[in-house]
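Hi everyone, thanks for coming. Let's take a first look together at a structure that may be new to you.

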Amino acid sequence: MCEEFVVALALIPEAISFSIIAGVDPRIGLFASCTMAVTISIVGGRPAMISAATGAVALVVAPIAREHGLDYLLATVILAGVFQVIFSVLGVAKLMRFIPRSVTVGFVNALATLIFGAQITHMVDVPWLVYPMIAIGLVIIFGLQRLTSAVPAPLVAIVILTSITMVFALDVPDVGDEGDLPDSLPHWLIPDVPFTLETLQIIAPYAVAMAIVGLLESLMAAKLVDDITETHSDKTREAWGQGAANVVTGFFGGMGGCAMIGQTMIKVKSSGARTRISTFLAGAFLLALVVGLGDLVAQMPMAALVAVMIVVAVSTFDWHSIAPATLRRMPCSETAVMVVTVVVTVITSNLAIGVGAGVITATLLFVRRVAHFTHVATDDEVGADGGAVRRYRVRGELFFASSNDLAYQVDYPGDPSRVVIDLSETHVWDASTVAAMDAIETKYAANGKTVEFVGLNEASAQRHVRLSGHLGGEH
């Protein structure tokens, strides 16, 4: 329960910051985080994964909130949830296999860039004290993260900067200046908008964008948790569960959201969470904190939250992807896909458009290499030392759509200590396949077993040698 309490504490500054990015009162983001976490713990398809207000959704809905007001925002959130349920019924979760690694990296880098850019407005035309406070916050967060992971560094920075502001009565912008915090539980409401075709025309484009971005980030997060826990999740259920959670949060006055990759990693990797109850408790604790300590939260200086969001942006960005050594090894086509995703997203401030542009670019670059999905046959053999050997024979082309499935067609715990994967009837086309091969090796090693890839043709072998072990952390 202590781990869930820490997660709830860490959710507070992020929810408030994302509310400010969206241009709404902090309580709108806090309500969203509470209701999203509680709802997804019941209806979601990936146990232990947490959903709440996120930067990706905040960036998408900010224009509708700014131009038309809160009621139109809530109507957009509800409609986005309905779209997500429809998309899940249509099988959109299965399309995730067609998102190449370069688009995923571009998505992450664009998200980090937009989050950082959203902080600029809080550093312009402000008292000079704001700048040293931001610097102190950054030093505290980065320094404490190097020393220990037992205490959430962003929360420590917020507590220290808030204490300094209160003790010395510093005149700097605070959370209270951004709007009222909740002093009661969220209640059911219906958005006060005209139920007309004109209203639908206003909110539908934003709802579609929010639905796509929310599903994209949620399904990517679910895949990451699958890899960490070596378990499968129901992606279709997760998709319609996200839709249901957004419908609920819209009717309870929240700004909507999706899976939180960062917080989910904290729960699953650091705390070892594996059940739905952990997500439920995080949402319940968050609600108790914001309702009971709202007056204190209102006195947090905005400088502290800006520091937190800068750290979020820096940690979200995949710096390995732009390292000179990586760029030299990576095929030009993969780098081009990543750049297109980032540039289009930053120009349009719309993650859905950026991802769409990246996927289209990847499709065009690979159109001459399109092939059917792989087929895997299994043979049991006896090695030269008399030990059992499991041989997997792979037939068909390996690229980003097919290699993602390869990792799930082998039996990590059930295979003997030696495994051979024969690739003589296939071809390795891209970095996603090499990343999948690296993942297979890592998982077999974690189970105390060895795996050998044989039969690679010359071009595939060269690509594997050039990229294997140099692709960095997966996103």
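Let me start with a question: is Arg27 buried, exposed or partly exposed? Arg27 counts as partly exposed, at 30% relative accessibility; buried means under 20% relative accessible area, exposed over 50%, and partly exposed in between, with a 1.4 Å probe and protein chains only. A quick note on the source: this is a predicted model, where local features need pLDDT of at least 70, side-chain atom pairs count only at pLDDT 80 or more, and totals for chains, interfaces and linings use all residues. Residues are numbered from 1 along each chain as its sequence is written, and side-chain values use heavy atoms, leaving out hydrogens and water.

Now, who pairs with Arg27? Asp25 does, through a salt bridge with the closest N and O atoms 3.7 Å apart; the term means a side-chain nitrogen of Lys or Arg within 4 Å of a carboxyl oxygen of Asp or Glu. Asp25 is partly exposed too, at 25%. The structure holds nine salt bridges.

Asp379 sits in strand β3 and Arg393 in strand β4, so the pair ties together parts 14 residues apart in sequence; strands here are DSSP runs of E, at least two residues, numbered from the N terminus. Arg393 also forms a salt bridge with Asp422, at 3.4 Å. Asp422 belongs to strand β5, 29 residues away from Arg393. Shared partners join Asp379, Arg391, Arg393 and Asp422 into one network. Within it, Asp422 is buried, at 11%, while Asp379 is partly exposed, at 30%.

Definitions and conventions. Helices (H or I, at least four residues) and strands (E, at least two) are DSSP runs, numbered from the N terminus.
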